[in-house]
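Here are my notes on the model, in numbered points. Please read them with the structure open.

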Amino acid sequence: MSCILNIETSTSVCSVALSMDGQVLFEKTSYEGPSHAVLLGVYVEEAIAVAKKKGIKLSAVAVSSGPGSYTGLRIGVSVAKGLCFGYDIPLISIHTLDILTIAALKLQKEANDRLYCAMLDARRMEVYAAIYNSGLEVIRGISADIVNADTYMSYLEKDKVCFFGNGAEKCKSIITSPNALFMDNIYPLAVNMIPLSERAFVAGAFEDVAYFEPFYLKEFQATIAKNKVLGGNV
């Protein structure tokens with residue numbers, strides 16, 4: 001029997017889900033913006049309280065591993081590591097784009113006549129994207145794509161492609177192929193991690209708690225406030 005605490009903080013959405021042998025015991029999500037530092041601890045405490053009330057011990061903690069928000073990923077992974085050390089349980093990492101694609105597959109009823117392109121916003125016209133089939137098999141791995149009319153044309157010429165995630169909205173006016181399908185309001189949520197974290201637990205696919213780091217894809221770049229650049233005269 002496996003009781004897994006799933007944590008997802010890769011975007012502005014903060015979510016936690018507790019599962020037992022693949023079944024949802026607890027789920028909490030906030031769409032109110034990047035408030036992970038405030039909400040994540042509360043949601044985790046509530047989930048653990050549910051497990052204790054049922055007399056269940058945590059078997060593992062699963063966390064979204066990226067790509068995504070640098071700050072969000074750091075917070076999620078830090079909390080997950082702390083729990084793993086504290087409870088002496090293993091750590092599972094799940095790719096953010098896999099989690100997004102699970103949500104899209106559910107809504108499309110796993111339609112197998114199309115491909116699925118998960119996209120996370122990487123600012124300007126860049127996205128972090130990967131392409132899957134209806135069996136969640138990777139057709140093209142994760143990369144940072146500068147989106148133009150031709151970026152995904154080799155796939156769109158052969159198949160319908162569903163685009164989704166917070167990077168897809170800005171691509172609607174650029175990707176105009178009749179084979180392009182856009183899905184709105186698809187978020188990486190902890191509840192959609194459950195089938196993936198359960199599979200990883202059964203396979204014993206655990207991370208080294210001490211050394212695991214999120215997958216940022218690109219290095220974090222700090223920005224300098226305008227008033228500092230201009231000598232504070234703004």
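Which residue of strand 7 stands opposite L120? Tyrosine Y128 stands there. The points below start from the ground rules and then go through the sheets.

1. Ground rules. This is a predicted model, where local features need pLDDT of at least 70, side-chain atom pairs count only at pLDDT 80 or more, and totals for chains, interfaces and linings use all residues. Residues are numbered from 1 along each chain as its sequence is written, and side-chain values use heavy atoms, with hydrogens and water left out.

2. Strands are DSSP runs of E with at least two residues, and helices are DSSP runs of H or I with at least four, both numbered from the N terminus. Two strands pair if DSSP finds at least two bridges between them. Contact means heavy atoms within 4.5 Å.

3. Strand 6 and its partners. Strand 6 (residues 114-121) is mostly covered, with 7 of its 8 residues buried. Buried means under 20% relative accessible area, exposed over 50%, and partly exposed in between (1.4 Å probe, protein chains only). Strand 6 runs parallel to strand 9 (residues 160-164), and 5 bridges join them. C117 has F163 as its bridge partner in strand 9. Strand 6 runs antiparallel to strand 7 (residues 126-132), with 6 bridges. A118 faces A130 of strand 7. The hairpin of strand 6 and strand 7 has 4 residues between the strands, and R123 takes a positive phi near 80° there.

4. F182. This residue lies in strand 10. F182 is partly exposed, with a relative accessible area of 25%. Not counting residues up to four places away in sequence, F182 touches F163, A168, C171, K172 and I175. F182 and C171 are 11 residues apart in sequence, and their C-alpha atoms are 9.2 Å apart in space.

5. Strand 1 (residues 3-8) and strand 2 (residues 14-20) run antiparallel and are joined by 6 bridges. L5 has L18 as its bridge partner in strand 2.

6. Helix 5. In helix 5 (residues 194-203), the buried residues are I194, L196, S197, E198 and A200. They pack against strand 1, strand 2, strand 3, strand 4 (60-64), strand 5 and helix 3 (96-107). G204 follows helix 5 and has a positive phi, near 70°.

7. N192. This residue is found in the loop between strand 10 (180-182) and helix 5. Is N192 buried or exposed? N192 is buried, with a relative accessible area of 5%. Leaving aside its neighbours within four places in sequence, N192 is in contact with I99, I102, A103, K106 and Y187.

8. The second largest pocket. About 200 Å³ of space lies in it. Its lining residues are S93, I94, H95, D98, G135, L136, L196, R199, A200 and E207. A pocket is an open set of points on a 1 Å grid over the protein atoms alone, where a 1.4 Å probe fits, with protein on both sides within 12 Å along at least five of seven lines; lining residues have an atom within 4 Å of a point. Helix 5 gives the most to this lining, with 3 residues.

How values were computed: Points joined across faces, edges and corners; volume = space filled by probe spheres on them.
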